[in-house]
Amino acid sequence: MVMASILSVCCSVCVSISAAKKSQVEGFIDVERRKMLVSSVGIIAGSCFSMCNNSIALAAEFADMPALRGKDYGKTKMRYPDYTETESGLQFKDLRPGYGPKPNKGDTVVVDWDGYTIGYYGRIFEARNKTKGGSFEGDEKDFFKFRIGSQEVIPAFEEAVSGMALGGIRRIIVPPELGYPDNDFNKSGPRPTTFSGQRALDFVLRNQGLIDKTLLFDIELLKIIPTS
């Protein structure tokens with residue numbers, strides 16, 4: 001009986017100690033959980049603050065980019081010091097002055113030309129095999145021709161050729177407002193003669209992204225056919 005009483009007391013003490021330790025452990029765990037929660041809140045708040053600062057910095061950086069200012073994003077106008085700029089905004093440079101007369105309104109002109117998407121990686125959309133400045137050989141049908149004043153070509157092309165002398169070679173930089181109407185090269189010349197050239201030009205003209213649609217043309221005035 002005595003032994004049983006002692007064992008009973010010991011068991012009770014052990015249970016009490018275990019319960020106490022369990023309570024201490026649970027209390028410790030609860031405290032640690034609270035510490036971790038507070039720490040996590042602090043980290044999250046710090047991250048949010050850092051992200052806000054980064055967003056503000058990026059917004060300020062984008063605001064300083066010329067291509068994203070105002071309504072003319074993607075149409076940044078570059079001015080080149082060695083080019084002459086007309087009232088319309090066309091920029092040109094004569095690579096070789098002409099030696100003959102200039103065309104009049106109603107005259108038909110025969111030209112050779114190259115075209116580049118200068119505002120977008122300088123991709124070629126028309127490059128004739130004929131070297132500019134060579135003698136005029138071959139049939140007229142091998143070259144592009146149009147009548148001055150007929151609005152068959154884009155405004156920049158008409159303006160440029162109208163001021164050229166026979167035999168001259170002129171390089172022009174064409175802003176979008178003087179280029180292809182409605183961004184469609186089928187509505188006005190000159191039109192690329194190859195499928196790959198048409199695709200290259202069409203990609204830039206019809207792209208809705210922030211693409212600079214400025215074009216560059218090299219034009220050689222080969223022949224003037226006076227109006228009859």
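Colleague: Which residue in β5 stands opposite Val109?

Modeller: Phe146 does. This is a predicted model: local features need pLDDT of at least 70, side-chain atom pairs count only at pLDDT 80 or more, and totals for chains, interfaces and linings use all residues. Residues are numbered from 1 along each chain as its sequence is written, and side-chain values use heavy atoms, without hydrogens and water.

Colleague: How many bridges link β3 and β5, and in what sense do they pair?

Modeller: Four, antiparallel; β5 covers residues 144-147. Two strands pair if DSSP finds at least two bridges between them. Strands are DSSP runs (E, at least two residues), and helices are H or I runs of at least four, numbered from the N terminus.

Colleague: What about β7?

Modeller: Nine bridges join β3 to β7 (residues 215-225), also antiparallel. Tyr116 has Leu216 as its bridge partner there.

Colleague: And β4?

Modeller: Three bridges, antiparallel, with β4 at residues 123-126. Gly115 is partnered with Glu126. β3 and β4 form a hairpin with five residues between them. In that turn, Tyr121 has a positive phi of about 65°.

Colleague: Why is β3 largely enclosed?

Modeller: Eight of its ten residues (108-117) are buried, so the rest of the structure largely encloses β3. Buried means under 20% relative accessible area (1.4 Å probe, protein chains only).

Colleague: Switching topic. What share of the whole chain is buried?

Modeller: 31% of the 228 residues.

Colleague: How many helices and strands?

Modeller: Three helices and seven strands. The order is α-β-β-β-β-β-α-β-α-β.

Terms used. Buried means under 20% relative accessible area, exposed over 50%, partly exposed in between (1.4 Å probe, protein chains only).
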